[in-house]
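Hi,

Here is the structure I promised to pass on. Have a look at it first, and my notes follow below.

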Amino acid sequence: MAFKRSIAFGPEIILFSVILFFIEFVRGAVAISFIPIYGEKSLGLSLDIIGVAITAHYLTDTILKILIGWLLDRVSVRTVVHSGLLISLFGVVLLGFAEYPWMFIMAAAIYGIGISPIWIVCLTKVTEERRATQMGYLYTIWFIGLGAGPICSNLLLDYSPRLTFYLLVGLSLVAWLLSLFISNRQERQVATIPFGEQLAILREKLHRMRMLLPGMILQTTGAAMLVPILPSFAEKQLGINNSQYSILLVAGGACTILALMPMGRLTDRIGGRKWFLVGGFTIFALSLGFLATTPPLWQCVLLAAVLGISYAAVLPAWNALLAAYVPPAQQGLGWGIFSTVEGIGVMVGPVAGGVIAQLQNESNVVWISALLFAIIGVFYILFPASLFTGGEDNHSAT
């Protein structure tokens with residue numbers, strides 16, 4: 001009961017959490033495992049084509065976030081989520097029949113259309129006084145799904161690619177059916193505020209946080225670069241098979257999950273978003289650098305655990321930072337725009353990672369990603385603390 005009081009979510013969040021879990025399970029399996037492994041080994045696609053397919057997925061997801069956020073402020077949540085998940089279900093089905101590179105890329109793009117509404121909905125349900133704690137809970141659900149998806153997919157792909165495909169289709173269908181139980185009422189009415197006026201408010205917020213925008217893009221670029229090359233990096237550079245790769249994912253994912261709630265509570269209790277971000281990104285960069293030296297398996301497992309903990313330190317603090325810039329009356333549109341800005345790096349990263357790996361090797365991609373995160377750590381050290389509290393106090397020192 002104490003745990004429930006500390007989270008303080010409404011009952012509807014349980015349904016959202018279940019749908020979020022299934023969506024992220026499939027997304028993790030598709031983006032991190034199915035597209036790279038199935039695309040390379042079953043379809044014989046090169047890493048640059050795989051990178052383009054992953055980017056196509058995130059491109060549609062990112063571009064549509066502003067529209068989805070705007071719709072969520074005007075249309076019922078059930079209508080938006082249910083329609084989007086139906087389109088994404090079609091994209092997953094199409095992936096299993098994509099015989100040509102262009103078809104594979106198109107299927108990945110279609111899949112990205114409808115999976116983002118549920119996350120924006122969850123963001124609008126979070127209360128300000130317990131934001132980091134509640135985001136720790138949501139990130140835990142999100143990360144369990146995102147981590148479990150590629151782990152299960154890796155194991156099943158060794159046994160049967162077709163069975164893996166059926167599992168992904170089945171879970172996508174379940175998420176779509178569950179969305180029918182979402183309430184059809186429209187909770188927030190913002191139509192009285194003209195769209196142009198809403199954009200003006202958000203433009204002012206973006207102007208205030210403009211010094212943080214490069215970091216937003218760089219951090220998602222650094223992470224997204226790793227997505228198309230990780231399975232290949234594990235096999236060719238680290239010399240480990242899919243089962244051992246799954247062990248690394250379990251180590252990193254378990255440590256992230258275990259640390260998310262404590263890190264969220266710490267962020268709520270002691271503040272200091274800046275130093276959670278600086279410390280998290282710096283440790284993340286160092287761990288990636290050590291991983292790029294191709295250490296033995298036991299050291300890789302340890303590094304994966306450290307990566308997970310540092311990632312858990314960043315997530316709640318980063319969300320609390322962005323929330324300080326979201327206008328209360330335009331939460332759907334606000335989160336949509338901020339997610340779009342972050343999504344620029346997600347779009348660029350997979351293509352960059354795939355091309356670099358194709359021209360050089362996978363280890364260089366990991367090195368470059370580590371360098372980007374190191375730059376971000378230094379970048380945030382140099383900026384005033386006022387930027388990390390919404391920029392209201394422009395006289396604060398670092």
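**Aromatic contacts**

Phenylalanine 281 and tyrosine 380 are both buried (under 20% relative accessible area, with exposed over 50% and partly exposed in between; 1.4 Å probe, protein chains only). Before going on: this is a predicted model, where local features need pLDDT of at least 70, side-chain atom pairs count only at pLDDT 80 or more, and totals for chains, interfaces and linings use all residues. Residues are numbered from 1 along each chain as its sequence is written, and side-chain values use heavy atoms, leaving out hydrogens and water.

Phe281, Phe284, Tyr311, Phe373, Phe379 and Tyr380 make up one aromatic cluster. There are 9 aromatic pairs in the structure; rings of Phe, Tyr and Trp (its six-membered ring) pair if their centres lie within 6.5 Å, and planes under 30 degrees apart count as stacked, over 60 as edge-to-face and the rest as tilted. One of the pairs is edge-to-face: phenylalanine 97 with phenylalanine 165, at 6.0 Å centre to centre and 90° between the planes. Phenylalanine 97 lies in the loop between α5 and α6 (101–111) and phenylalanine 165 in helix α9, so this pair ties together parts 68 residues apart in sequence (helices are DSSP runs of H or I, at least four residues, numbered from the N terminus). Phenylalanine 97 is exposed, at 51% relative accessible area, whereas phenylalanine 165 is buried at 5%.

Happy browsing!

Definitions and conventions:
Helices (H or I, at least four residues) and strands (E, at least two) are DSSP runs, numbered from the N terminus.
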